[in-house]
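The entries follow the order in which I looked them up.

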Amino acid sequence: GHMYYFGEGVNQSYESAIKYYHQAAQLGVPLAMLGLGTMYLYGEGVEPNGSKALAWYEKAAEAGVIQAIGLLGLMYYEGKMVEQNFEKALSYFERSVALGADAWKYMIGRMYARGEGVNQNYGVARKYLKEASKPDYLFEQDAKESLDQLPCHFLLGGYVLKYQESLKEYMVIENEFSKLVSDKLVGLEDTYFALENIENVH
């Protein structure tokens with residue numbers, strides 16, 4: 001099935017690929033289940049069928065194919081052949097990442113950045129997008145572009161709080177300095193008038 005799907009060593013044939021994928025899936029081959037899910041989702045060699053795509057992806061996921069979990073998330077995120085559901089999408093993406101598929105961190109970061117299915121949180125978004133932008137990751141470039149689009153003050157991360165605290169300290173110091181200067185000026189003014197009065201007496 002794999003050889004016919006990709007045309008490796010044979011002429012590419014989706015019809016032959018799906019036939020062999022079905023045979024392998026009936027024998028319990030997880031990657032064949034994944035292949036069937038993709039072919040039914042995109043109508044490759046068959047009529048597009050969302051329910052069959054979903055069923056085969058779910059079977060592949062249950063059989064331990066991590067890619068299937070992420071693709072289930074993508075189906076629900078895009079609303080492709082299923083009703084769009086951001087909460088389900090996020091759940092699948094998080095499950096996939098928990099099992100080691102770090103590339104899906106991009107989708108989690110994107111959802112937090114946009115507030116899709118979760119409360120918008122730029123700090124969490126930045127964390128996931130930064131991790132997903134590592135070299136050779138599936139969504140490396142997308143993650144980098146999304147990072148660039150985050151509001152700049154959130155890109156500073158923890159330094160924002162430190163800046164605010166430093167600013168408060170600076171303002172306190174400035175106020176104390178201003179008061180000190182003001183007191184000094186008042187003192188100088190009193191001295192000036194005292195000297196002026198002495199000169200007038202003479």
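Entry 1. I began with Glu116, which is buried at a relative accessible area of 13%. I call a residue buried under 20% relative accessible area, exposed over 50% and partly exposed in between, with a 1.4 Å probe and protein chains only. Glu116 forms a salt bridge with Arg114, and their closest N and O atoms are 3.9 Å apart. The term salt bridge denotes a side-chain nitrogen of Lys or Arg within 4 Å of a carboxyl oxygen of Asp or Glu. Arg114 itself is partly exposed, with a relative accessible area of 48%.

**Entry 2. Basis of the values.** I note that this is a predicted model, in which local features need pLDDT of at least 70 and side-chain atom pairs count only at pLDDT 80 or more, while totals for chains, interfaces and linings use all residues. Residues are numbered from 1 along each chain as its sequence is written, and side-chain values use heavy atoms, with hydrogens and water left out.

**Entry 3. The remaining pairs I looked up.** How many salt bridges does the structure hold? I find four. One of them joins the side chains of Asp102 and Lys105 at 3.7 Å, N to O. Lys105 counts as buried at 13% relative accessibility, whereas Asp102 is partly exposed at 24%.

I then turned to Lys127 and Glu131, which form a salt bridge with their closest N and O atoms 3.6 Å apart. The two residues lie four apart in helix H8, so about one helical turn separates them. Both are partly exposed: Lys127 has a relative accessible area of 45%, and Glu131 has one of 23%. I also record that Asp102, Lys105, Lys127 and Glu131 are linked in a network of salt bridges.

**Entry 4. H8 against H9.** Next I examined how helix H8 (residues 122-132) packs with helix H9 (residues 140-149): the angle is about 145°, and the axes are 8 Å apart. Helices here are DSSP runs (H or I, at least four residues), numbered from the N terminus. Axes are lines fitted to C-alpha atoms over the stretch in contact, and angles run from 0 to 180 degrees between N-to-C directions.

Which residues make the contact? From H8 I list Arg126, Leu129, Lys130 and Ala132, and from H9 Glu140, Ala143, Ser146 and Leu147. Contact means heavy atoms within 4.5 Å.
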